[in-house]
Amino acid sequence: MQFDEKTIDEEIQGQATMIATKNKGDKKLYLESYGCQMNFSDSEVVASILSENGYTTTRNVEEADVILMNTCSIREKAEERVRNKLSQHNKRKKENPGLVIGILGCMAERLKKDLLEQEKLVDLVAGPDAYRDLPNLIGEVETGQKAVNVLLSREETYADIAPVRLDKGGVTGFISIMRGCDNMCSFCVVPFTRGRERSRDPKSIVAEAKDLFDRGFREVTLLGQNVDSYRWNITKKGEIIDPEKPVVTFAQLMEKVALVNPKLRVRFSTSHPKDMTDDVLEVMAKYHNICKYIHLPVQSGNTEVLKRMNRGYSREWYLERIAAIKRIVPEAFISTD
């Protein structure tokens, strides 16, 4: 996933994610999100799960019964700022002993013991695959216990949960198409904090895109740690999982979403150079409503360094992919990091 430094700074300065819900519960949820777009998408899932259990969200931290921080572990600076914010919330807890403070996401998965036992900054810890368990975890805390669930799953995609949309008046919506990552880049914690790669049922993705369009959204971004490796009903070895179901690749999925409505713009983030294939580019060229923009991280221009990073491609391979983009989608804009 592309990392959004600005988003982190904005959120840490106290601009908490506020998601309006239709349910009128007795308890208030204050939800903050940090890091990449995937975390913001996850926060919409969390808000949906808790809205079904009587919680409404609030911008005012002072009236919150539960404070949840959806965190990122990509950079040390981000973790330090989250700790500072948790310290502030714990000052509120001294005045309001019933306040529940929890941490979610990648930082929760990585530093669960430190946050719960050593620093004692939180009451509950929930990893990225444990959000369905949040009502139970909050219940445990309310009985005086510390609560934790950081079990990773090979199946969880939250495909059946309708996210509560963050930007009520906006035109852009995010759709998570897969979770986890199977790449083991030497510098990255994602496979350890988000688990193994698994793709979401394409029917649920298309249905979500249709719902967004019907509600006035005119742009969707398909999200994944590595969208190019999306595959439904087929293993990486090419084995069909269920002969009665179709195989769907990322190129085919993107085409299905593009066909929802010609007025719906389609974007995706983020691609991995080793997995970007020509069929993805050909679908981009075929449909005018697929935005001609590709974010393709380079990481290094040196093949030996890329090898030590365990990136799975060489300098020459990356340059060939750039050439393919220019050949098949000549009008495409390319960004990198």
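Guide: We'll go from the whole chain to a few side chains.

Visitor: What kind of model is this, and how are residues numbered?

Guide: It's a predicted model, with residues numbered from 1 along each chain as its sequence is written; local features need pLDDT of at least 70, and side-chain atom pairs count only at pLDDT 80 or more. Totals for chains, interfaces and linings use all residues, while side-chain values use heavy atoms, with hydrogens and water left out.

Visitor: What is the mean pLDDT of the chain?

Guide: pLDDT is the predictor's confidence in each residue, from 0 to 100. Here the chain averages 87, and 90% of its residues reach 70 or more. Over residues 1–24, though, the pLDDT is below 50.

Visitor: How many helices and strands does the chain have?

Guide: Both are DSSP runs, numbered from the N terminus: helices are H or I with at least four residues, strands are E with at least two. This chain has 12 helices and 15 strands.

Visitor: What share of the residues is buried?

Guide: Buried means under 20% relative accessible area, exposed over 50%, and partly exposed in between, using a 1.4 Å probe and protein chains only. Of the 337 residues in the chain, 54% are buried.

Visitor: How do I read an aromatic pair?

Guide: You describe two rings by the distance of the centres and the angle of the planes. Rings of Phe, Tyr and Trp (its six-membered ring) pair if their centres lie within 6.5 Å; planes under 30 degrees apart are stacked, over 60 edge-to-face, the rest tilted. The whole structure has three aromatic pairs. One of them, Tyr131 with Tyr158, is stacked, at 5.9 Å centre to centre and 20° between the planes. Tyr131 lies in the loop between β5 (124–126) and α6 (134–142), and Tyr158 in the loop between β6 (147–149) and β7 (172–176), so the pair ties together parts 27 residues apart in sequence. Tyr131 is buried at a relative accessible area of 0%, and Tyr158 is buried at 3%.

Visitor: Which rings have the charged end of an Arg over them?

Guide: The test is NZ of Lys or CZ of Arg within 6 Å of the ring centre and within 35 degrees of the ring normal. Arg218 has its charged end over the ring of Phe213, 3.8 Å from the centre. For Arg321, the ring is that of Trp317, at 5.7 Å from the centre.

Visitor: And Ser176: buried or exposed?

Guide: Ser176, in strand β7, is buried at 9% relative accessibility. Its side chain reaches the backbone oxygen of Met178 at 3.4 Å.

Definitions and conventions:
Contact = heavy atoms within 4.5 Å. Polar contact = N/O pair within 3.5 Å; in protein donor to acceptor, adjacent residues only side chain to side chain.
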